[in-house]
Amino acid sequence: FPFPYTPYGIQEQFMEALYGALEAGRVGIFESPTGTGKSLSLICGALAWLRDWEEKRRQEEEQLLAGGQEARSPQQARPASADTAGQPDWVTAFVQRKEERDMVDRLKEEQIRRKKREDRLEKIRQNVQLKYAAKRKRCEEDEAKRLLQLSKEALSQGDGEDALDQLDHNEEELILAEYESDDEKKVVSGLEEDDDDLEEEHVTKIYYCSRTHSQLSQFVREVQKSPFGKDTRLVSLGSRQNLCVNEEVRRLGALQLINDRCMEMQKNKHEKKSNEENEGKKRRVSRTVCPFYSFEQMQFLRDEVLVEVKDIEQLVSLGRETKACPYYGSRFAIPAAQLVVLPYQMLLHEPTRNAAGIKLKDQVVIIDEAHNLIDTLTCIHSAEVSGSQLCCAHSQLSQYMERYRKRLKAKNLMYIKQILYLLEQFVAMLGGNVNQNPGCQAVPQTGTVLKSINDFLFQSQIDNINLFKVQRYCEKSLISRKLFGFVERYGGPASAVKTNKENQKVAGLQDFLLTLQQGSDKEGDPPVEAEHDQLRTASPLMQIEGFLSALTNANQDGRVILNRQGTVGQSSLKFLLLNPAVHFAKVVEECRAVIIAGGTMQPVADFREQLLCCAGVDPARIVEFSCGHVIPPENILPIILCSGPSNQQLEFTYQTRDLPQMMDETGRILCNLCNVIPGGVVCFFPSYEYEKQVYGHWEKTGLLSRLAARKKIFQEPKKANQVEQVLVEYAKCIKRCSQTGGQMTGALLLSVVGGKMSEGINFSDDLGRCVIMVGMPYPNIKSPELQEKMTWLDKTMPRAGGQAPSRVLIENLCMKAVNQSIGRAIRHQKDFASILLLDHRYARPAIFNKLPQWIRERTQVKPAFGSAFAELRKVRIPCI
C-alpha cells in the first residue's frame, strides 16, 4: 500500500478503502469520527493515489510516444468507429493510424505545456529576486498613475461644469447598457477572446469541499504540516466577500452587492476599448474599473499560489501585496492545481461552479462534513420572498423606469415591464395590490397553500413569459445592481434629494419606503431605523431573482408554498425543492470518483436512496465504509436510560414531555449526575421552547438552585454573535473550578439540538465529560414543507424493511441530529466521556441501529437509574 503517512491513528483499512474507491472510480460514503484527522487522512490518501495515477499516465505516455502500440492502456485503446464499420481494411487502418498520430500530437503538446509550467514554477521557487522586481515595477506604475491623476485634476479645476451636467455625469453608471440575448450575440473580440486563448488545460485534480471557510483554513494549515505540504499545488477558492481586496467594493457588505459591483467593473474594463474607438463621435463618461483586475499581476499571483500552499488569509495578504485580485488570481490557478479547496456550496451550485471555472470531467471530488448534504442542496436551490419585498421591488423598479425611460433601449424596457408584471401577479397571488402599502393590506384568507410549479404559473397568469430569458436578463444586465445604486442615490433622507423637476419624479420612492417602515412598526417588529438600514443594504430584487430561478425547475421536482399571514407584507412565496438529486446528478456523472465523508454519517440510507440512486448512480458503483474511533473502548460510556430515580418511565413525546413529573424527573437525573461528574456537562433539549419551559419549571420547584450549587448553569443563546462569549465563559468557569476545587465542580451548558452548539463545536476534555440527550428531537410533522416531502417520498421511493419512506425520513432526521450532538464530546485520541440518552425509545432496534457504529457497539441499555448511576460514577477517573 503506497501510503507513507497515517495521521491521528486512523486505521489503515480506512486508507485502503479510500484508495480502492478512487482507483475503481466509485461513489463512496465514508464515516470516520476523528475530526481533523479524518479530513487530513482523506486528502493524504487521495494525493497518494493521485501521484501514483500521474506516474502511471506518464509511463503510458512515454511508451506510446516511443512507438510501443502494444503498451497502450485500455483507456487509450479505441475500437473501430461507427463511420469505419463495414469499410475496407485499408480505410480502417488509415483511420486508426490518423487517430494514433493525433493522440501522439496531443500528448506531445501536453508534455510541452507541463514542462513549461514546471519550469516556470521552479524558477519562482528559486529566484526570489523575481518577486522584488515585480514589486518594484508595481510601485513605479502606481507612482505614474498618481502623477497622471494629479495632472488631470489640475486641468479640470477651471472648467466650472454646470450642476445639471454634473448630475448626468454621476448618473451615467445607473443606466442599463444595451442588452443582447445569447442568440443575438456576435463573436466578441478583445480581452474576453484573449482570455479564452490563454486558458490552460485542466490536469486531473482533487476538489476538496467542506462547510465553512474557517474549516477550510484549518484544513489547509494541516496540509501545510503534512508530508505533502511542500510539493502540492493547492488552490483555496472562496467568495468575493472573502477574497476581495478592493476596499470600495468590500464596504458594500452584502455578498450580492459585492458580486454585482465586481462584475460591473469588469464590464466597464471590457467596454473601455470600444469606448475609445467612439471617442471622436460622442463624449463618453469615464466609468470605474477595478485597479486590482490586472491580467499581468493576476498571472503573477497565480504562480505564487501554485508554488506554495496558502490558505484564504494568506491569499488575501498576497493579493494586497501584489496589487492583484485574489478572487480571479486563484481561479486562474485552477487548471494547473492538484488540490482545490472550496466550500461545498460553490461546487454544488452549477452556475457558481461554472462561473468559477470548475470543470468536473474525470476529476475527483471529496465532500467532507457531508452529514447535512441533502439539506444543503435543498436550501441552495430553494428561495423565499415576502410580500414587502415584492411591493418594494415593484416600487423601486417603476420609479427607475420612469426616470430613465428616454435613456433605456427598447429591449431593456421590454424586460423591465415583464419583471414588473411578474411582481404584480406574485402580489396578487398573496391577495394584495402592488399600489398599496403591503403592511396595511389585510389578507382575505390566511393559511398555507402548496401548489405545483405549473399550477402556480397558470394561476398567476405568467405561463406565457419565458422565465429562462428573464432570469438570464437579470444576470447579464446587472439590473439589481443598477437599481441598488438608484435607491442609494434617492432612497435616503428627503434633504438629500435635489428639487429639480426630474428628481421630483422619484421623490415618491422615499415616501413609499417610509410608509413600509411605518406600517411594520408594531410590537415585536424591528425599529424604524433598523428596518430602513435593512432596506438600504440590498435591493429586494436580488432575492426575487433567486425565486425566479427556482421556478425554472421541473414541475415534479418542487412545490411553491403560498404562506398568507395577516397582511400582504407578512405573507410570502416560497419554493421548496423536493428532489435534490437532480442538482447532484451532474456531479456524480462527470466525476471519476466522488467521496462523501463525515464524522457521523449514520443513517446512510438517505444518501444512498434519496441522493445517489435518484441521481441515476448504479448501485454497484456505491461503496460504504465506516471505521471505528481512535479511542480505546473503555474511554466512552454510552447509556440508554429507560427510567429515572423515582422509576418514572422516560418517554418525551409531545403528549408527555410537558408533564410536571417528566420535567421533575429530568431535573433529578441532572442533579445526581452533576454530583459525581467533574468538569463540564452538556445537556441537549429538542427545541428552544422546551428548554425554556423546563428551565422555568426548575426555577419554580427549586431544582435550579440545587443544580447551581454544583455546576454553574449556562444557556445557549439564540443569537449567533453571542455564542462565542457564552463558550468562553463556560470554559473559564470549568478551568477555574478545576484549579480551585470546592463545592462547585464545573459548569452545566443547556443546549438545543440543531442549534449553534450541536455542530462544529468541540467539547473536548473537561468541556464535555458527559453529554445528555433529553428525548428524541423529531421534526415538526405538521410543517407543510415536511408533509409535502413525505408525500413525495411515499410516491417515488420503494418501501424499506416494511416501513414507509416517509416514516424512515422522520426517524433519519431525528437520529442525524442526535448523532451530531452526541459526537461533540469525543474529539481526540485521549479524550473520554459518557453519553446519556434519556428515552426508552432509543432501545428499539430500528432506532438503536441508527446510532454510529463506534457508539452502538459500546452502548448499554439500563432499565433502572441505579445501575446506570453506578456506571456513570466511573467517569470521574480517566480510563487511559
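Ser 330 is located in helix 13 (residues 326-332); helices here are DSSP runs of H or I with at least four residues, strands are runs of E with at least two, and both are numbered from the N terminus. The model is predicted, so that local features need pLDDT of at least 70 and side-chain atom pairs count only at pLDDT 80 or more, while totals for chains, interfaces and linings use all residues. Residues are numbered from 1 along each chain as its sequence is written, and side-chain values use heavy atoms, with hydrogens and water left out.

Ser 330 is buried, with a relative accessible area of 1% (buried: under 20% relative accessible area, 1.4 Å probe, protein chains only). Beyond residues up to four places away in sequence, Ser 330 touches Val 235, Ser 236, Leu 237, Leu 243, Leu 301 and Leu 315 (contact: heavy atoms within 4.5 Å).

A search of the whole structure finds 15 aromatic pairs. Rings of Phe, Tyr and Trp (its six-membered ring) pair if their centres lie within 6.5 Å; planes under 30 degrees apart count as stacked, over 60 as edge-to-face and the rest as tilted. Phe 30 and Phe 625 form a tilted pair, 5.8 Å centre to centre with 40° between the planes. This pair links strand 1 (residues 27-31) to strand 11 (residues 622-626), its members being 595 residues apart. Phe 30 is buried at 1% relative accessibility. Phe 426 and Phe 547 pair edge-to-face at 5.5 Å and 85°. Because Phe 426 lies in helix 18 (residues 410-429) and Phe 547 in helix 25 (residues 540-550), the pair ties together parts 121 residues apart in sequence. Both Phe 426 and Phe 547 are buried.

Definitions and conventions: Buried < 20%, exposed > 50% of the residue type's maximum accessible area, 1.4 Å probe, protein only.
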